[in-house]
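Subject: Structure handover

Hello,

Here is the structure you will be working with. Please open it beside this message, as the notes after it go through what was found.

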Amino acid sequence: MSTSHLSYLHTAQNVLKQIEATQTDAIAQASDMCAETIAEGGLVYLFGSGHSRMAVEEMFPRYGSFPGFFPIVELAVTYHNQVVGCNGQRQALFLENIPGYAEVILRNFSFGAHDCMIVFSNSGTNILPIEIAMEAKARNLPVIAVSSLAHSRSSTSKHTSGKRLFEIADLTIDNCNPPGDAVVDIPNLAYPVGPTSSIGTLSIVNAIKCRVAELLTERGQPPVVLTGAHFIGPEESAKQIERAYDDYKARVHGS
């Protein structure tokens, strides 16, 4: 019997174990930064291109999340379902490595004194996430990176500075993903399959989310959590969703 599926599950579990063993301090530091930002009325901006957009949307908005995080999802570099034709994958891959694109994106936003930025990029080598981090720092935003250090350190930056994302960020959380982002070798198949970067990164996102909620509550500023009907019934859930969206609108309009 084939064991490729078990191999993937075991490797995915090992990624999470490595994160717990090596990244809890960094996750705690990132949580402190985010809680401070939100408590002071600022916004935690989130950026990821390619499949890293999943981490952005995992943070907010979805059940079990709360306002204070601002997702930046640029469709031109995240809209993957077409694959070919208009809005195809080739265009997205091309745009991820166009110098100056990040500055154009961030010109659409006004940043406040208490804001910070989280940039997600598994490789940490593409121009767009690197320049998002650079542009954020130029605007005096502290920058948190979530990246695979093993992959990034074994790769060459595509940016003219030669720097990778972790070399720019003020704080980096390692998603503990192995180089190449595919972990299962199949007999007679030339290349490995089964990426684990999303599992590691999304786990980090939710760990931060939980700690930030705890810190805000301890400060007497409990967040307005998007809560499903399973917990509070459909009528109250609908009201809570509206309260959360109103809270988000007030934070964004006040930025």
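A residue is called buried under 20% relative accessible area, exposed over 50%, and partly exposed in between, using a 1.4 Å probe and protein chains only. Helices (H or I, at least four residues) and strands (E, at least two) are DSSP runs, numbered from the N terminus.

This is a predicted model, in which local features need pLDDT of at least 70 and side-chain atom pairs count only at pLDDT 80 or more, while totals for chains, interfaces and linings use all residues. Residues are numbered from 1 along each chain as its sequence is written, and side-chain values use heavy atoms, with hydrogens and water left out.

Helix α10

α10 covers residues 234-253. Its buried residues are S237, Q240, I241, A244 and Y248. They sit on the same side of α10 because they cover an arc of only 105 degrees around the axis; the arc is that of the directions from the helix axis to the C-beta atoms. On the other side of α10, E235, A250 and H253 are exposed. The cover over the buried residues of α10 includes β2 (69-72) and α9 (229-232).

Helix α6

In α6, the buried residues are I127, L128, P129, I130, E131, I132, A133 and A136. They pack against β1 (44-48), α5 (101-106), β3 (116-120) and β4 (143-147); contact means heavy atoms within 4.5 Å. After α6 comes N140, with a positive phi near 70 degrees.

T172 belongs to strand β5 (residues 171-174). With a relative accessible area of 17%, T172 is buried. Not counting residues up to four places away in sequence, T172 touches Q23, A26, A145, L149 and F166.

A nonpolar core is a set of buried Ala, Val, Leu, Ile, Met, Phe, Trp, Tyr and Cys residues joined through side-chain atoms within 4.5 Å. The largest one has 59 residues, and those with the most contacts inside it are F69, M117, I118, I173, I208 and V212. Leaving aside neighbours within four places in sequence, I208 is in contact with I27, A30, S31, C34, M59 and I173.

Helices around the pocket

Which helix supplies the largest share of the lining of the largest pocket? That is α8, with 4 residues. α3 (53-59), α4 (89-95) and α8 (197-218) each supply at least two residues of this lining.

Regards

Technical notes:
Expected span 1.5 Å × (residues − 1).
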